[in-house]
Each structure stands twice: as structure tokens, then as C-alpha cells.
Amino acid sequence: MPIIIISSEDPAVEEQIAARTAKAVGFQTLGPEVLPAIAAKHAIPEPKLAESLGRTATPWWRRQAKGRQLSLACVEAEVLDRLAPDNIVCWGLGAHLYVLGISHALKARLLPDPARQIEALAGQRGVSPQKAGKLLEGARLKRAQWAQAAFGQNEMDPSMYDLIINLGQIDPDEAVGTLTTAVGYRKFQPMTYSISSLADLALAAKVKAKLLRTMNDIRVQARDGKVVVTSKALQRERRKKTAAIKSLAGEVPGVNYVEVHLINYVIRAAAESFR
Amino acid sequence: MARDATSLSEPRDGQNGNIQNIYDRMEIIGEARRALLARKRFNVKTQIFIANAIVFALALGVAAVLIASIYRIQRRIEFLEFANELTIEIQQARRYEKNFFLYRTNLDDALENIHAAQEVFITNAESFASLLGYSQQQTVLRQLEGYTDRLEELQEIQRKSPSKLFDAVFMGNIESQLREKGKDIITMAQGLMGKEKVELTRTLQRSIAIHMLSLVVLLVVLIINAYLLGTRIATVLTRFSSYAQRIAAGDFTPITPRRHYRDEFTELALAINEMIKELANREAALIQTHKMRAIGTLTAGVAHELNNPMNNIMLTAHMLMEENAALSEEERMSMLKDVADETTRAKHIIGNLLDFARESAATIQTLELEKLLRDTIRLAENQVRMSGIKIELQVTQSLPAIHGDGQKLQQVFLNLILNAVDASTKGSKIQVIALPYEKAPDHVAIKVVDYGHGIPRHVISSIFDPFFTTKAKGHGTGLGLSVSQGIIAKHGGKILVNSEEGSGSIFTVVLPVTTFPKTIHTF
Amino acid sequence: MSASLEILLLDDEPIVGKRLKPALAKIGCEVEVFQDPIAAVARIKQKSFDIVVTDIRMDEMDGMQVLEIVREQSPRTKVIMITGYAMIALAREAMEKGAFDFIAKPFKPDDLRKVIAKAAEALGSKVDFSAANDNN
């Protein structure tokens, strides 16, 4: 059975719709409640995980790409692993940004009712509705920037999603009904190709999480136990780095072949050759 | 592919070869720079300075002549005054002389006057020597002395023997003698004055003439100067504007010396050559960028197409592992041969693309159109098949060969074919036709015909503009046709488009059939 | 072992049929191999197979069309798509049109055997999977 991935700029909406949809179709939910377990397993402080996921505001002096990349890779690996059994409604873990090209994952974007959102925020913070609207706009922009920086995806691009539901117009009940119907479409049925693609994504994420502990600038592609790692290196450290990557990636269960592509600062090389 | 034809390549015409690789170009620009700098320097500033100096010298000369002439006039006037004074004194003396003869008055006054005249003459004679002339001076002096002697003689007689004064005969004689002398002196003095007046008038007239003449000369000098300076600047400016036009048209031949000297414009020419170098680099980079994008598009198709031989190898290898013991030697060999063949097939699938992707130095060579087009179609084949489209190639028999940069032309045709694929719907076909161009001799036309959605009339004029695209964001750079047109223009050809909305488009590449790559701009 | 499964295998790559026919025969399947989709479709119209395995990208006819024809002719037949051009859109289209499964090339013989076993199960017959790995 398929996977439903629910995303929204409002976590409360995500949680509510995810829970109700899961109940309606008899699926499990997968949400931020798994973060403590992930944090414990990878020895990363839980607040840091939440922060890298963009769930809490990051102060600018703590925005180091390396730490965040590692946290994200750990979350990605764990979430993808937990999605394998399918029949799952996933929310609040940024899954819509890294579960890509999986035909049995139904991606839904929920647009919260702006009036209710503003009202809630105004009541909660005790500010004027105009101010609340501005704050929301700012938060939206920040989230989009985060998605771009963390996964290189444009969260605002509608073509990312299979379904976009505007809760300003569609009631939550209707939205759950729509999701229930859509998930029944044959096109969202898992198949050998999509299941193996999801396994490939999970394996790549595991390797990436492992490598990011000691290095940065890592890209991993996997296919059927075979892993291709792309990174950057100076000419003199190539041999050492290749060996290090091969041995580290080889330790990940499920990996049976590792290929390393080291890019030798293409841009600078190109700039020099042009002279 | 195109490399096979290297042996056929003609020696490149260095001056006119419009497509040069980047290093060649740098060398040519360096050469131009050396040639530009090797000439003697003659600045516009220098020319202006020299012209002004000439005008100033002229003015100085005129002023000197005028001052001299004024000085001469002044001298003439002074001389005239002196002559006048002399005349007055002499006339006074003669008046007293007349009184003496009428009333026998004293001669002292007359003598006093004549002495004064003598003194005036002697004191001034020195300074007017040049005007007077020595002989005339002596004559005047002698005449004055003669008259004075007679007067003194008469005075002597009056003092010693006054009786003689009444001797009528004697007196008459002396009187006539004195009168004669007196008249001579007056005439002489008046003659002096008259002559001097004429001289003065002439000097004044000459001065006026000098004024007029110097003005005319000055005017002529200024006109000549303005003409020389003007033509010098104007010709250079015209030349540079023609350079700008040809650079804008895409001809990146550097500026070479046209005169025997260098000046401020040489610096401009050097700067423009630097700009040309930069432009050429950018253009090369643009062409390369566009090529990389085309390769990116093709790679997706190739990656998918590779899956077929890979699958064959994978299945065969696994069956070999499974069945190893049960297979006969013959079967095993046949399976291993399959693996080898499929590997070769995979290599071919990538090989074409790799060949195209390889960055080779631009070379102008004889190209066989049919082979070039066939290679290009093979490159695009996966893309074409993936879209469910058929592609046909028709080449007129014994079409003359063309000259050009095979890889760049391939880039153009590939771009046109990929555009046609994008425009076509599943199940339709694309035709690539090469034939002699009907509208001009010695030209060939390569038509890429599709039966797709066509180009709307209102955008057809802008399809060659850089960054114009009708494709969705992220699917086209909008550089394809602009870059293609640039490449074809450098080969002395053009791209024509003929499209009807809803029924398809025809892109026609017209290329000249020449022994040498024809330059589009000749200077 | 129950009555053997009848399978039609269509791929314009001859090696695929050459290798898969014995591989599937080992688990008790009766395989008819075709390289030409037109001929395959003609055969499909004559006979109702248990399973049809088809490539998608072929010159004469698209695998999707074959899928549609099979669904029309014999709704009980399970259709398994194999393609080198696997993409999310193509996979969803195939599933929507009623494919039983979708496999990306390259795959191992075992991958297909597993899918066939799954299809056989869905058809209510059983496949003797153990036979395949006897020689390993």
C-alpha cells in the first residue's frame, strides 16, 4: 500500500490532517515523535535535530552547514528506513523534500486557512492581525529558504506535489476524504521499481549520514546495493580520501560496491585552463 | 567522426579564418598589438601643438614687420618736422635779407636765423643720414654755407665801408647773387619736404598692405590646420565606427595598423582589441555552455538507452552463474560472446556522445554533409526514439562538400533536431533534408522539418534573440538558436525559418560551398 | 506442483528472451518469447496467458498499448512491465492502466521470478521457487 506524505507550513495542520487520514485509511503515522529515538541512535542532541529540520528558529551564529547537513542526513536515513514497510502517513519530517521519484508516495501540500492562522497567531502572541500576517509571511519565506539550503528544493513549486489542498476552501473532513480517495488510485500502488527506488534512497541516505560524520560536500547515489559517492578533493588528498570513503561506506549494511568520484575543483580548473 | 577528415583539411587562411580557436586568436591579437605599437608616435596633441606654434610664429613675424613699419613712419614724420623747421628758419633769414635790401636794416637777425638753420641741419643730419643720403647732405650743407658766406660778406661791408652800400651796381650784383642762393636753399628745403611726404604716404600704404596680407595668410594657415586636424580625426572615427559595426556583427578580427604613425587612437585600438579578445572568449564560453546543455539533454537519453545492454549483460551473467554446471561448453561460449557484444554496444552508445562532448580545437575542414548529418542524427537518436518520433534523412546525391568546423556545425544541427523533437507530438516524424540551395548558386541548404505545433506568428521575429524561449522554465536556456545563428554566420551562412502554427516548422540552414571559409565581412 | 503458468514475454532485445525463457522454465513456467509486438499482440488475441511480461519502449508498438490490449482481452492476466526508461510518470501510468508490476532494467532473473511468484499467488496458483536456486 502507498505512503502519504503530508506537508504544510503550519505543523498543527500537518499533524491534525495526518492523524485523521491515517485513522480513515488504517495507516500508521510517522511524525516528529521519532526524533528523540533518532537523536539517541546517532548521538545528536535532539534540539539540534529539530533545529536543522527548521522546526525551531536557528540563530544566525549557529547556522553552520556541516552540522546541519549531518543532522539532516541522519533524519533522512531514519525516516526513509521507516517508510519501507509502507502504509504510512508521514508528516513534519521534511519527507516531501527528499522522498523523490517514488511513484507510490502520494505527496500532499496543505495550504492552511490564512484567516484562522492569523487569528491564532494574533491571539497567541497578542499582536495585531496585520503584524501577525507579516510574521507569517516572514516565516513562510524563511521556510522556503531553509528548504532550498537544506535539500536544494523549491518548496513553493507546485509541481513538487501530487495534490494541493487549500484548507481555506476545503474543510479538513473533505481534505481527509480527498486524500483517502486519492490514495486508492492504482497509480499510487507500490511496485518492484518504486520499492527498490525507495530502498536505494534509504541506502544512499545511510551512507551519506555515515560519511558526513567525518567529511563534508558529499553526494551519494545508490542502486541495488551499489553506491556512487561524489565529493570534492585536492589533487594530493585524492588517494587517501578515496580509500577513506570506500572503507566507511563499505561498513554500511546493504552496500556491496562503492565507487568514488572526486571532483577536482572544476570551476577553478576551468578558469585556469581558459587563461 | 569528424576527426577522420583531418587529412583532407585545407591549410587554413590565417587572415580570413573566422573560426579560430582561442589560443590562435590570442596570438593574432598579440601580433596586432605589436604591429600597432611598432610605428612612430605622432600624437594628435603634437599636431595641435605644432599648428598653434606655426600660427604663433606667423603672428610674431607680422607683429615685427608692423612694428618696423611704424618705426619707419615715425622717423619719416620726425624728418618731415626737421625739414619744416629748416625751411622756416631759412625763410625767416630770407625775410630779413629782403628787409636789408629795402631799408638797409641790420643783417644780424638774418645771420642768426641762418645759423640756427645750419645748427638744426647739423644736429639732425647725423640721425637722418640714412634718409638724406650723403651727397645730398653735402649739397645742402654747401648751399647753406654759400648763402651764409654771402650774408657775412655783406655784413662785413656794412660794418667797414657803409658807403659801398650805396653803390647801386655793386649792391645790385650782391643782391642778385644772394637771392639766387636764397631761392636755391628754399627750393632745396621744400624739395626735401615734398619728397619726404611722398615717402611717408608710401610707407603708410605699405603698412596697410602688410596688415591685410598677414590677415589673409593667417586665415589660410588656420584653414589648412583645421582641415588637416579634422580629416585626421574624422577618418579615424569613421574607421572605428566601421569596426564597431563589424564587431557587433560577430567578426572578431583584431584591428591592425592603417597608418604609418601611432597616436592616441592607437590606445583606443588596443583597448578595442582587448575587448574583442574578451568578447571572443565570452562567445566561445557561450557556445561551450550551450553545448554542455545539449549534452545534458542527450545524457538522459543515453543513460536510459544504456539500460538495455546492461540488462542483457546482467541477465546473461546471472544465468551463467546459476547454470554454470549444466551448460555445455558451446552454450557457455555463446553466452560469453553475448556479454562481450553487449559491452561493445554500450560503448558505442556512449562513444558518440563522448566524441561530441570532447573539447577539440576548432578546425576548418572539408566536411561531407551526409556523414555529418548522419552522425548528428545518431547523437539525437535516443531522444528522438524516447519521444516516439521517427527521423528521416534525405541527402541529394553528389552534393558538393562544405568547409567548416564540424563539431560546431553538428552542434547547430543537433540543436535544430532537438528543437524539432520538442515541438513534435508522439508518432509524428522529423525530416532532415540536404539539397542545393535554389536561390543562390554555390550554396547548400539543410532543412530540418517537423510537423509539430509550429511557431506563433507574433514570436517568430524574436526566436533568434538571446534568452528567448517558449519552453518551460528550466527546460531551455533560450540560447540555442541565438548561438546557432552565430555559428552559421561565422561560416558565411544563414538560418531561415518558415513556420505555420499548428502544422509545423522548417528551419533552413544555408551554407556556402567554398574552397575557403568565406569571411562575412571584408574590409 | 500445480498446472504450469503460461507466460508471454515480449522484448525487442533478443537476449532478454533467450536468457529469461530457461530462467522461468526452471520455476515451472511455460514461456512464449516474442520480439515483435505486433506478433505478440496477435498471439495475445488468440490465447489468454496467465502472465504477460513486456518491454515498454519498442519501435513498432508501445508497451503501454500492449498493456491496454491485454487488459481488454483478458482481465485476469497479470501484466508485468520491464523498461530501461523507468521514470515516476511512466511507472504511475503503467499502474493506472492496470499493470501488475513495473520493473526497471537492468534486473536480475531472480527479481523477475519473485514478481512472477507474487503474480502466481495473486492468480491462486503456486510457483516452485526453490527450483531456481538449486544450482547455487
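Student: Where is A:Asp217 found in chain A?
Tutor: This is a predicted model, and in it A:Asp217 is found in the loop between α9 (192-212) and β6 (219-223) of chain A.

Student: What is phi like there, at A:Asp217?
Tutor: Phi of A:Asp217 is near 60°, which is a positive value in a residue other than glycine. A:Asp224 also has a positive phi, near 55°. That residue lies in the loop between β6 and β7 (226-232) of chain A.

Student: New topic! How many disulfides are there over all chains?
Tutor: Zero, from a search of the whole structure. Take A:Cys74: the nearest cysteine sulfur belongs to A:Cys90 and is 16 Å away. A disulfide needs two cysteine sulfur atoms within 2.5 Å, so A:Cys74 is in no disulfide.

Student: Are A:Cys74 and A:Cys90 buried or exposed?
Tutor: A:Cys74 is buried, with a relative accessible area of 0%. A:Cys90 counts as buried too, at 1%.

Student: Over to chain B. How far apart are the end C-alpha atoms of helix α6?
Tutor: They are 85 Å apart. Helix α6 of chain B has 60 residues (264-323), and at 1.5 Å a residue they should span 88 Å, so the two values agree.

Student: Where does α6(B) bend?
Tutor: At B:Pro309, by about 25°. At the start of α6(B), a side-chain oxygen of B:Asp263 reaches to within 2.8 Å of the backbone nitrogen of B:Phe265.

Student: Now chain C. How many residues of strand β4 are buried?
Tutor: Five of the six residues in β4 (78-83) of chain C are buried, so the strand is mostly covered.

Student: Which strands does β4(C) pair with?
Tutor: Strand β3 (51-55) of chain C runs parallel to β4(C), with five bridges joining them. One bridge partner pair is C:Val52 and C:Val79. β4(C) also runs parallel to β5(C), joined by four bridges, and there C:Thr83 has C:Ala104 as its bridge partner.

Student: How does the chain cross from β4(C) to β5(C)?
Tutor: The path goes through helix α4 (88-96) of chain C, and this β-α-β crossover is right-handed. β3(C), helix α3 (63-73) and β4(C) make a right-handed β-α-β unit as well.

Student: Last one: which residues of chain C does a cis peptide bond join?
Tutor: C:Lys105 and C:Pro106, with omega about -5°. C:Pro106 has its place in the loop between β5 (101-104) and α5 (109-123) of chain C.

Notes:
Residues are numbered from 1 along each chain as its sequence is written. Chains are lettered from A and ligands numbered from 1 in the order in which they are written. This is a predicted model: local features need pLDDT of at least 70, side-chain atom pairs count only at pLDDT 80 or more; totals for chains, interfaces and linings use all residues. Side-chain values use heavy atoms; hydrogens and water are left out. Buried means under 20% relative accessible area, exposed over 50%, partly exposed in between (1.4 Å probe, protein chains only). Helices (H or I, at least four residues) and strands (E, at least two) are DSSP runs, numbered from the N terminus. The expected span of a helix is 1.5 Å times one less than its number of residues. The bend at a residue is the angle between axes fitted to the seven residues ending there and the seven starting there. A polar contact is a pair of N or O atoms within 3.5 Å; within protein, one must be able to donate a hydrogen and the other to accept it, and residues adjacent in sequence count only if both atoms are side-chain atoms. Two strands pair if DSSP finds at least two bridges between them. A crossover is right-handed if, with the strands pointing away from the viewer, the path from the first strand over the helix to the second runs clockwise.
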